[in-house]
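Please go through this model with me, one feature at a time.

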Amino acid sequence: MTTLSTTVLPPLRRTSRRRRLATLALLATATGGALTACSSDDGGDAPAGGDASRAGSVALVGTFALDPGACDGAPSGSYFRMVNSGGTLEEGPYFPNPDSSCSDPSITPIAPGTDGGLVTGGYQPSPDPAFDDQGNAQADGITAPAGFAAIQFGLSTQETDPQTGTEVPAPEILAADGELSGQITAWSASWNSLYFNQGSPKPDGSSPGLTAPVSGTYDEETGRFVLEWASAVVDGPFNGFTGVWHLEGTFTPA
Amino acid sequence: MPDPASRTRPARRGALLAALAIGLGLIAAPVAFAMFDRAPQGATMIADFEPFMTAPRLEGFQNDIATIDAAVREVDASTDPVVVEAREASAGYAPLSEQWPQIHEDMTGLLDDVQANLGNYQAVAALPDFALFPWFFLVPGALITALAGLGLLAPRRRTALVRGGLALLGAGLIAAPVAFQMFDRAPAGGRMMDAFATIQTTENVTRIQGYFATMAAGQGALRLDVVPAVAQRIGPDAAAETLPATTALDAAWIGILGDMTPMIGAMSDNVDSYQAVASLPPFPLFPWFFVAPGVLLLAIAGPGLRGRRPTEEAATRAPSPTPSPADAPAPGLTEGVR
C-alpha cells in the first residue's frame, strides 16, 4: 500500500507560499479523513481503477464520465447553478440564467465535453486562446460550452489556476464506503474573457463563504457516481456569488 | 573644569533634538498610518480603475445604460397586441421591467458621479505611485535622524554636513509637494474619495451585482422570449421594425457585457482597497505633511544651528585667556558658517 503523501497528495515541490498552504490544508484534511477511516473501516479492497491509498479509502483515477443535464421535472444528470451574493445554498436566490433550457432558469444543464467528463490524476486545460473575440469560452474537454447570459462558459483544470495564478493540484476524488470526498481545487470556469476559480477548497486552501467540500456517492459495482460541491466566487464581478456543482455519471478507471 | 569644546551649546542641542524628533516623526508616520499596507492598496485601486476612467469609456457606459433603457421603455410602452402578449408571457422579463426605473436611476447616478470625478481621478493618478508614499516619509526621516544623531553624538565635527544636510532635506520636503503638484492633486483626490464613499461599499457593489443579474436575465428574456415570440407572429424583419431598440440591445448586448462585467469586477475587487485608502489621513493634508517638517528643518538648520562668526566670537570673548564655558562657541559651529 502506498503512503497517503505519495498517492493522494502532490509532492511538496518548489511552490509558492499559497500552494504550500493549500497543500498543507489538503494534507490536514486528508490526514483527518485517514484517521477517521482507519478507526472505522473494515479495510476493504480497492475497487477496479482505484489506487488503494489507505484502508478503505481509494483515489479514483480515471474519467468521471458525465450524464448530460436534463430538466424533465426535477433536474437530473449534471448541472450547475449560481447562488446570488448574500444567498444560501438551500434557499438561493439563484442567478437566473436566461440561456438555461430548464423551466427553472437557475439550473444550467451541462453536457459532457470531448473528454467525456472530469479526468482525475491529471489536468484538462483550456486551449490557447481560451476565448473567442466575443468572450465565449473555448474549453470543451470536461463539458461542452454552455450558454450563460448570452456568452458560452467552459470548464477546465490546469496546473496554474488562471484566476489566482496559484499552482494547484490535479483533481483527486477519494472513495470510501460508497462515499466520495477529495479536492477539486483546480476546477475553473471561463466566461466573457474572465476566469472564476470554482474549486473546493480554493487555491489558497480556504473554504470561504458558502464553499462546501466535495462529497457524493459511488457504486463500486456499476461505477455510478454523484459528485457535488459548492465554491464561492472570490473577487471579480461575481464576487460573493457561489457556484453549486452537481455532476452525475459513470466512473471509468484509467 | 570641563573643556568647553566638549559641550554642545543648549540652543544647538535643542535644535538638533528637534530635528531628531522630526526625523523620527517622519519615520513613524508610515507605521502609524499603516501606509505600508494601505498605500499599495491605493496603488492597486488606481491601477484597476485606470482602464475605465477615460471620458470615452465612461460615455460608453452611459450609452450602455441608455441602450437598455430604450429597449425596456420600448417593450413596456408598446400597445401592439403581439408585443404585449409576448411581454406578458415572458416570466423572465418581468423583474427587469419592474426594477428598471430604480436600476436606471441608480446606475445613471453612479456613472454621473464617476464622470464628475474623472478629473479628480486623473489628478490622483498623476501623483507618484501610491506604493512609494511610505518611503517618501521614511527615507527623509531616516536621513534627518541620522544627521541629527551625528550632530548630537559628534558635536565637534561635521557641523557643516549636518547643517547643510538638514537644510537640503528641509528644502526637499518643501519642494516635493510643489514638484508633484500635490497642492492641487491631493485635494482633488480628497474630493474623489468623498464622491466614492457611497460607491465603493460592499452594500453598493452587491446591489450593482444584483442589478447586473437582473439586467442579464431580462435581456435574455427579451432576446430569447419576447423578440422570438413577436418574430414568430409577424416575421423577423417586422419584429425588428416593431422593436428597433430591443433589436439594438440584442445586437449590443455582448459588448455591454464586455463593458460592464470588468467594471463591476474592478469595483468589487477594490472595496477593501478603497476602505484602506480612506483610512489614511485626509488627502488635502498630505502636502503639509512634507511642507511643515521642511519649514521646521530650514529653521533649525538656519538660525537654530548657526554659530557665531569668528569676529563675533573674538568680540565676545573675555579678556581672560580662558573663556567661560557659557560664552564659548559651540564646537565646530564656526566651520558651518565659513
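## Burial and fold of chain A

Of the 254 residues in chain A, 52% are buried. A residue is buried if 20 or more other C-beta atoms lie within 10 Å of its own, exposed if 12 or fewer, and partly exposed in between, with C-beta atoms placed from the backbone. This is a predicted model: local features need pLDDT of at least 70, side-chain atom pairs count only at pLDDT 80 or more, and totals for chains, interfaces and linings use all residues. Residues are numbered from 1 along each chain as its sequence is written, while chains are lettered from A and ligands numbered from 1 in the order in which they are written.

Chain A has 16 strands and 2 helices. Both element types are DSSP runs, numbered from the N terminus: helices are H or I with at least four residues, strands are E with at least two. Take the contacts in chain A with a separation of 6 or more: 59% of them join residues 24 or more positions apart. Two residues are in contact if their C-beta atoms, placed from the backbone, lie within 7 Å.

## Where the chains touch

Nonpolar here covers Ala, Val, Leu, Ile, Met, Phe, Trp, Tyr, Cys and Pro; charged covers Asp, Glu, Lys and Arg; the others, Gly among them, are polar.

## Helix packing in chain B

Helix α3 (residues 55-77) and helix α12 (residues 244-269) of chain B cross at roughly 140°, and their axes come within 9 Å. Axes are lines fitted to C-alpha atoms, for helices over the stretch in contact, and angles run from 0 to 180 degrees between N-to-C directions. From α3(B), the contact residues include F61(B), I68(B) and V75(B). From α12(B), they include L249(B), I256(B) and M263(B). By class, this contact has 12 nonpolar, 3 polar and 3 charged residues.

Which residues of helix α4 (residues 81-89) of chain B are buried? They are V83(B), A86(B) and R87(B). These residues lie on the same side of α4(B) because they cover an arc of only 100° around the axis. The arc is that of the directions from the helix axis to the C-beta atoms. On the other side of α4(B), P81(B), E88(B) and A89(B) are exposed. The cover over the buried residues of α4(B) includes α3, α10 (202-234) and α11 (236-242) of chain B.

## Backbone details in chain A

Two cis peptide bonds deserve a look. One runs from G92(A) to P93(A), with omega near 0°. P93(A) lies in strand β5 (residues 92-94). Another runs from S200(A) to P201(A), with omega near -5°. P201(A) sits in the loop between β13 (194-197) and β14 (212-218).

Next come positive phi values. A149(A), not a glycine, has phi near 55°. Its place is the loop between β8 (146-148) and β9 (151-157). A149(A) counts as buried because it has 24 C-beta neighbours inside 10 Å.

N192(A) is not a glycine either, yet has a positive phi of about 55°. N192(A) is in the loop between β12 (187-191) and β13. Is N192(A) buried or exposed? N192(A) counts as buried, with 24 C-beta neighbours inside 10 Å.
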